[in-house]
Amino acid sequence: MTKWRTLLLATVSFNFSFLIWFSFAPFTGPMAEEFGLSLAEIGLLASANIWLAPFGRILTGWLSDKYGAPVVFAIVLGYVGVFSIVSAFAQSYALFFVVRLIVATAGITFVIGIQHVSEWFEEERLGTAEGVYAGIGNAGAAAGALLLPRIFGADWSGPLFETNWRAAFFYTGVVSILLAVVYYAVGEAASSEERRRATADNASLKQWIYTATRYGTVVLALGYLMSFGLELSMNGWLATYYREGFGTSDLVLASTFAATFSLAAGLLRPFGGYISDVLARRERDILPFFEGRYREQWTFVSLALIVVTMIGMTLAGLSGVLLLAVGAGFLVGAACAFAEGAIFAQVPAMFPNSSGTVSGVVGGIGTVGGIAFPLVYASTLMPNLHLGYALVALVVMVPIVAINAWVYRPQIARRANVDGLLDRTDDGQPTSDD
């Protein structure tokens, strides 16, 4: 069936997008040596990998609603591949830094695929379908951490390059261009012409402003900031953390430890969406409050779990036991997976005709954590590399969980896709007179 082909196409393409997005992470050591980078500069590179994602996701979410996912996905994969190839030949760090900023926009493909899948699957299966798409797709970061150092290892040499990471960037760029051609040729935008037209007609600027300011959009975006933003930060940082924090000089071993987090964050994500679907179908309350708000209850539980596991990550690091820290990282990844799956089960269910727009806002805001958190982890103001996790949990995440709890109260939650920070006047113009 076409919907399963769509799910497969979107998942494979997003998986590779994630791989190319974080293809730099396994090679931070060799790149630091070649360009003379400090630990703080490596942290800055990990942060910069996310800089363009917030705006890019917001824009491509809206463009996917307006023009269809196959066109937008193909364009992004195409130019990302070209600039990945260019980065393989960069001789100055300034040029390399700028080009990799553009390559890093591979991460914006997430919202394109979310919109594409939502155009083909029915509401009661959306959480599971989106969870499979995003979960397997996110595992591309783990695939990169596991495969790239082995394929393009320290002793690898090719006809064009003397440096292993340059070869990795060149050949992943080639694959990205090939995927762009396949997506454009095979992809179909929606399950029916009527659905495609309804989505496109809803993609006006006025409607975007209105939809982006609903309470449901806002709290889901904040929840995604603390879950997916955290995942992004860990994908770009953990290999460095395990190497520097525990004296693990082996590049492949450090990347393998980091991959355990990415595997958990990616492959367990479908369960987050599936549990949300099951609770909604069976109308089952799992908390004594938020009664009747089944998807919201699961989202709240999973967000709270992230806070607990992040504090556990700091405690495990302070213990000095590497394997304990790796295990704690796996649990953080699992908590992220559950929260992300829960959030993107809510998005298309709450906004069926604006899933691309809302996915863009939620996904865009979510990436901000990936920008900010690595700067905390690598900050020279921190006494050691282990305390940053607890600091982020207490200062950033606890307030976000509290805001979600406020909106998930039944009297607010039932109108969270209608009420918001802005109202609309009779002529459709947004106004702040809420």
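**Exercise 1.** Are Phe290 and Tyr408 buried or exposed?

*Solution.* This is a predicted model, where local features need pLDDT of at least 70, side-chain atom pairs count only at pLDDT 80 or more, and totals for chains, interfaces and linings use all residues. Residues are numbered from 1 along each chain as its sequence is written, and side-chain values use heavy atoms, without hydrogens and water.
- Apply the cut-offs: buried is under 20% relative accessible area, exposed over 50%, partly exposed in between (1.4 Å probe, protein chains only).
- Both Phe290 and Tyr408 are buried.
- Phe290 has 6% relative accessibility.

**Exercise 2.** Classify the ring pair of Phe290 and Tyr408.

*Solution.*
- Rings of Phe, Tyr and Trp (its six-membered ring) pair with centres within 6.5 Å; planes under 30 degrees apart are stacked, over 60 edge-to-face, the rest tilted.
- The centres of Phe290 and Tyr408 are 6.2 Å apart, with 85° between the planes: edge-to-face.
- Phe290 lies in the loop between α15 and α16, Tyr408 in the loop between α20 and α21, so the pair ties together parts 118 residues apart in sequence.

**Exercise 3.** How do helices α13 and α17 cross?

*Solution.*
- Locate the helices, which are DSSP runs (H or I, at least four residues) numbered from the N terminus: α13 spans residues 215–246 and α17 residues 322–350.
- Take axes fitted to C-alpha atoms over the stretch in contact, with angles from 0 to 180 degrees between N-to-C directions.
- The axes come within 9 Å and cross at roughly 155°.
- Therefore α13 is roughly antiparallel to α17 (over 145 degrees; under 35 is roughly parallel, 65 to 115 roughly perpendicular, the rest oblique).

Key: Helix = DSSP H or I, 4+ residues; strand = E, 2+ residues; numbered from the N terminus.
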